[in-house]
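The structure is shown first.

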Amino acid sequence: MNSSAVSLREMIESVVETHRGKIGALLPVLHSIQDQLGHIPPESVPMIARELNLSRAEIQGVIGFYHDFRTEPVGEHIIHICRAEACQAMGARDLEEYASERLGIAYGGTTADGKFTLQPVYCLGNCACSPSVRIDDDLHARVTSPKFDELISALEAQD
Amino acid sequence: MAVKIYVPKDATACALGSDAVADAIGKAAQGRGIEVEVIRNGSRGAFWLEPLVEVDSGDGRLAFGPVTPEDIPGLFEAGFPGEADHILALGTIDGVAWLASQQRLTFARAGWTDPLSLDDYCSLEGYDGLRKALKMEPQAIVDEVKESGLRGRGGAAFPTGIKWQTVLDTPADQKYIVCNADEGDSGTFADRLLMEADPYQLIEGMTIAGLAVGATEGFIYLRSEYPHCKAVLTEAIRRAEQAGYLGESICGSGKAFRLELRIGAGAYICGEETSLLDSLEGKRGLIRFKPPLPAIKGLMGKPTVVNNVLSLGAVSTILARGAEHYRDFGTGRSRGTLTVQLAGNIRRGGVVELPFGDSLRDLVEGYGGGTASGRPVRAIQVGGPLGTYLPEAHWDVKLDYESLAEIGGMLGHGGIVVFDDTVDMAQQARFAMEFCAVESCGKCTPCRIGSVRGVEVIDRVIANQERKFNLTVLDDLCDTMVDGSLCAMGGLTPYPVRSALKHFPEDFNR
C-alpha cells in the first residue's frame with residue numbers, strides 16, 4: 001500500500017471516529033471528507049464501507065443521489081449559478097449562458113487552468129435580489145453579466 | 001459614549017456588500033475621531049433596503065438605506081451618524097411604512113438584535129415561552145398549540161397541535177423533534193431570515209416541542225445552500241448549550257433536550273418530510289409510503305415531530321403570549337400571521353408578515369411596488385416551483401390556504417415570484433418538468449419518467465409538431481402524475497404546467 005492510501009485511510013478513520021455512534025453518520029462523514037479533500041475519492045468508498053459496516057453499494061448510492069457529492073477533483077473556486085424561477089424572472093437564463101461562454105465550460109465542467117468549476121443550483125434563498133450566484137461560500141446578489149465578469153476577473157487576478 | 005451603529009450580517013445583506021459597508025463606517029468614524037460601536041444585527045427582511053444601516057440615536061433608531069461603501073464619506077459629510085440630510089436617510093426605522101404596517105409576531109425581533117446575543121434575545125421576551133412550558137404538563141403545552149390554530153408553515157398546512165398530540169400519545173422509549181430547514185422553494189427565504197436573524201427562537205420552539213411530546217433529542221436539517229445560516233446556527237446552539245438552555249437539564253429543570261445541526265447535500269426532495277428522515281438516517285433521500293405517519297414511525301422508526309422552521313418559531317410566541325393572542329390574528333381557518341416572501345422581478349422584495357386576509361394584489365402592488373424592471377406584471381407564481389402561475393384575473397384572491405385552493409392554487413411556504421411581460425410561459429412550463437426530472441427521488445414512475453417525458457412533449461408542442469396530439473398527450477401525462485405520484489413533487493409539478501397552458505396559451509403557439 002502506498003503512502004497516499006495510508007494517509008487517506010488514516011483520514012477516513014479519524015473522520016468516522018468523530019461521527020461514530022451518531023444516527024445516520026454517513027452524510028456527515030461524506031461532508032467531512034469532501035470538505036477536506038474537495039471531493040470524495042472513489043478509493044475511499046471501500047474504506048468508509050468497512051468503517052461504518054455498510055455495503056459499498058449503499059455508499060455509492062448515497063454519493064450518487066445528492067447533487068453536492070463529487071468523486072472527481074474540482075476547480076479552486078466553485079461557482080454556483082441559481083437556475084430557479086425567481087432568478088429566471090430577473091434574467092438568470094441569460095446569465096448562465098454568459099457565464100458558460102465567459103469561462104468556456106458547461107455546467108459540471110472545470111476550466112483548463114483548474115481555477116473554476118461551474119455548477120447549477122436551485123435556489124440560494126436570495127430571491128428578493130436576483131439573479132444570485134454563489135462563489136465558494138460567498139453569496140452575490142443582482143448579478144448582471146458585467147458584474148459576473150468583475151467577480152471572475154477579480155479571482156483571476158488573485159495569483 | 002460610543003454611538004451604536006447596526007449593519008446586518010444576513011446572507012442577502014452580505015451579498016449586497018454589508019461587510020464592506022461595516023468596514024467603511026468603522027474606518028470613516030475613526031478618521032473623524034467619532035467613537036462608534038458597529039453591531040452586526042440580523043436583517044429585518046426589507047431586502048430592497050439592504051444594506052440597511054441603523055443608528056441608535058437614544059430616541060429610536062435612524063435608518064439609512066440601501067447603503068453602499070461609496071456612500072459612506074457623503075453620509076458622514078451630511079452629519080451621519082447623527083440626523084443626516086441625505087438622500088439615503090429614511091427617518092426613524094419605526095417610520096418606514098413598509099415595515100411599520102406589518103404585524104410581526106414571528107419576526108418581531110428580527111433586525112432589533114444581535115442574533116447571537118442571548119442577552120438581546122432574553123430582553124425581548126426570549127425564552128419566556130420555555131419558562132412557562134417548563135411549569136406545564138405536556139398535555140397542557142399541546143393544548144395551547146392546538147388552541148392557537150397554528151398550521152404547518154412548510155406548505156401542507158397540517159394543524160401542528162394535532163401532529164404533536166399523535167406523538168405525545170404514541171408510547172416509545174425515544175422520540176425526536178426534527179426541524180425541516182430544507183427551504184428549497186424558489187422565492188422563499190423566510191426560514192433563512194428567521195434562522196439568521198433570530199436563531200434562538202427556533203431553538204426555543206424545538207425545546208418546547210421536546211417538552212410537549214417527551215422527546216429528548218432534536219435535529220435541524222439545514223440545506224447546504226445556506227452556509228451563512230450554518231455558521232449562525234452552529235454558534236447559537238453552542239451558546240445555548242453553554243447557558244443551559246440545551247443539554248441534560250434545561251434551565252436546571254432536570255429535563256433533557258439535546259439539539260444537533262445536520263446539513264443536507266443538495267436535494268430538493270429532502271424538503272419532503274419522509275425523504276428528509278431517510279436522509280437524516282444517512283440514506284438516499286427517498287420518499288416513504290405513508291402511513292405510517294412520521295408522528296408514529298418517524299426517525300429510526302420512532303415517533304417524530306417534523307415541523308417547518310416558521311411553525312416551530314411560532315410556538316415560542318404562542319407559549320409566551322398565549323394561544324388566544326395568536327389565534328386572534330387571521331381569518332377563517334387560517335389563524336395567526338401569514339409570512340410571504342416577495343421575490344423575482346419585484347421592486348421592493350423581502351419578507352412580509354401580516355394577519356391572513358390580504359389579497360395577492362395588495363402584496364405585489366402595495367408592498368412590492370410592482371416589478372423591478374418597471375414593466376407590467378404578467379404572471380405570478382405562488383407557492384414555489386410546484387405552485388400555479390396566476391394571471392391578472394386571479395390577483396384579487398385572498399392569501400389564505402382555503403381561498404387559494406378554491407382557484408386551484410396553493411399558498412405553500414408563501415413564496416410569491418413575480419414575472420414581467422417578457423416572460424415566456426412555455427419555457428416556464430418546460431422548466432417545471434425539467435426541475436422535476438432533476439430533483440425527483442426516482443422512487444415512483446409517474447414522477448421519475450413522467451417529468452422526462454413532460455419536457456419532451458412540451459418541446460414538441462413549442463416546435464409545433466403534431467400540436468393537438470401532443471397537447472392531449474401532455475394532458476394525459478399530467479393526469480398520471482397528479483393521480484399516480486407518491487408525493488407532492490410529481491403530484492404537483494403539473495400545476496405550474498397546466499396553469500401556464502390554461503392562462504397563457506398564446507406562448508405555446510408562437
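What covers the buried residues of helix 6 of chain A?

## Basis of the model

This is a predicted model, in which local features need pLDDT of at least 70 and side-chain atom pairs count only at pLDDT 80 or more, while totals for chains, interfaces and linings use all residues. Residues are numbered from 1 along each chain as its sequence is written, and chains are lettered from A and ligands numbered from 1 in the order in which they are written.

## Chain A overall

Chain A comprises seven helices and four strands, taken as DSSP runs numbered from the N terminus (helices: H or I, at least four residues; strands: E, at least two). Of its 159 residues, 36% are buried, that is, 20 or more other C-beta atoms lie within 10 Å of their own, against 12 or fewer for exposed residues and a partly exposed class in between, with C-beta atoms placed from the backbone.

## Helix 6 and its cover

The answer to the opening question includes strand 1 (77-82), helix 5, strand 2 (116-121) and helix 7 (145-156) of chain A. The buried residues of helix 6 of chain A include A:Ala92, A:Leu95, A:Glu96 and A:Ala99. Seen down the helix axis, the buried residues fall within an arc of 100 degrees, so they line one face of helix 6; the arc is that of the directions from the axis to the C-beta atoms. The face turned away from this buried side carries the exposed residues A:Glu97 and A:Glu101.

After helix 6 of chain A comes A:Gly104, with a positive phi near 70 degrees.

Methods:
Two residues are in contact if their C-beta atoms, placed from the backbone, lie within 7 Å.
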